[in-house]
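The following note sets out numbered points on the structure shown below. Please read each point alongside the coordinates.

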Amino acid sequence: MADQEQTNFMAQENELDGYVKIDRYNPKKIESIASHYSEILKDLGEDPSREGLLKTPERVAKALQFLTHGYDIKPEEILKSAMFKEEYSQMVVVKDIEVYSMCEHHMLPFLGKAHVAYIPNGHIVGLSKIPRVVEAYARRLQVQERLTNEIRDCIHETLQPLGVAVVIECRHLCMSMRGIQKQNSVTTTSAFTGAFKDEKTRAEFLRLITASLD
Ligand SMILES: [Zn+2]
């Protein structure tokens, strides 16, 4: 039941972006992934037929499909659906965007925040679209470095602004859960184009994303 609700929720979310994808879960893939997980449970010494695990392979399969649904989204279409002509030419900053992604080396989560800025060059984009672009790239198997660059490149190529800045700060569970010493360490990555290559502009962006509202 909960999974059904999730499907509907996702379909609605995508509709808001003018990009509708119905039939979010592919039943054939779910079945295939679930059967593999059943085998994995056995390999781990578990009994997939015990009560608590009966539906686990299917749940894992659905969770995995959700966690990688970014493959089905075209982030540039999200931006194109809400681009407006506007003479505003100051920095636009969207900070503290939640990031939930999966490291492609261990298939374990990494999570944290993204901060994105651009300087318009005749066009602005609906503000809610920036987090959707982050989401589209995060919901794939990723490395944080590539995630950072993909967000930058998508905005740069689609919107063609005077510059784009992306900073991502994440905690990687493959580091904290696998016994590596610095359990709470945060990895920071950044990528800049155009005007943000100028030291003063970049410093202003960094000041804005670290400043609090009060
Ligand atoms: Zn990893």
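1. His 106, at 34% relative accessibility, counts as partly exposed, whereas Cys 174 is buried at 9%. Here buried means under 20% relative accessible area, exposed over 50%, and partly exposed in between, with a 1.4 Å probe and protein chains only. Both residues are protein donors of the zinc ion, as is Cys 103; the atoms concerned are SG of Cys 103, ND1 of His 106 and SG of Cys 174, at 2.1 to 2.3 Å from the ion. Donors are N, O and S atoms within 2.8 Å of the metal (3.2 Å for Na, K and Ca); water is not among the atoms, so sites may look incomplete. Along the chain the donors follow the spacing C-x2-H-x67-C.

2. On the basis of the model: it is predicted, local features need pLDDT of at least 70, side-chain atom pairs count only at pLDDT 80 or more, and totals for chains, interfaces and linings use all residues. Residues are numbered from 1 along each chain as its sequence is written, and side-chain values use heavy atoms, with hydrogens and water left out.

3. The protein chain contains 8 helices and 7 strands; these are DSSP runs numbered from the N terminus, helices being H or I of at least four residues and strands E of at least two. Of its 214 residues, 41% are buried. Where contacts join residues at least 6 apart in sequence, 70% of them join residues at least 24 apart; contact means heavy atoms within 4.5 Å.

4. The 16 residues of H6 should span 22 Å at 1.5 Å a residue, and the 23 Å between its end C-alpha atoms agrees with this. The expected span is 1.5 Å times one less than the number of residues. The buried residues of H6 are Gln 144, Leu 147, Thr 148, Ile 151, Arg 152, Cys 154, Ile 155, Thr 158 and Leu 159. They lie on the same side of H6, because they cover an arc of only 160° around the axis, the arc being that of the directions from the helix axis to the C-beta atoms. An α-helix has 3.6 residues a turn, so residues three or four places apart point the same way.

5. Thr 148, within helix H6 (residues 144-159), is buried at 1% relative accessibility. Beyond its neighbours within four places in sequence, Thr 148 contacts Val 166, Ile 168, Thr 189, Ser 190 and Ala 191. The side chains of Thr 148 and Thr 189 make a polar contact of 2.7 Å. A polar contact is a pair of N or O atoms within 3.5 Å; within protein, one must be able to donate a hydrogen and the other to accept it, and residues adjacent in sequence count only if both atoms are side-chain atoms.

6. In the largest nonpolar core, of 29 residues, those that touch the most other members are Val 116, Tyr 118, Ile 130, Leu 147, Ile 151 and Ile 155. Such a core is a set of buried Ala, Val, Leu, Ile, Met, Phe, Trp, Tyr and Cys residues joined through side-chain atoms within 4.5 Å. Helix H4 (75-80), E2, E3, helix H5 (129-138), H6 and strand E6 (163-172) each supply at least two residues of this core, and the largest share, 6 residues, comes from H5. Apart from this core lies another, of 9 residues, among them Ala 117, Ala 165, Val 167 and Phe 192.

7. In helix H8 (residues 199-210), Thr 201, Phe 205 and Ile 209 are buried. Their arc of only 70° around the axis puts them on the same side of H8. The buried residues of H8 pack against E2, E3, E6 and strand E7 (187-192), while the face turned away from the buried side carries the exposed residues Glu 199, Lys 200 and Thr 210. The side chain of Thr 201 reaches the backbone oxygen of Ala 195 at 3.5 Å.

8. Gln 160, in the loop between H6 and E6, has a positive phi of about 45° although it is not a glycine; Gln 160 is exposed at 53% relative accessibility. Asp 96, in strand E2, has a positive phi near 60° and is likewise not a glycine; Asp 96 is partly exposed at 37%.
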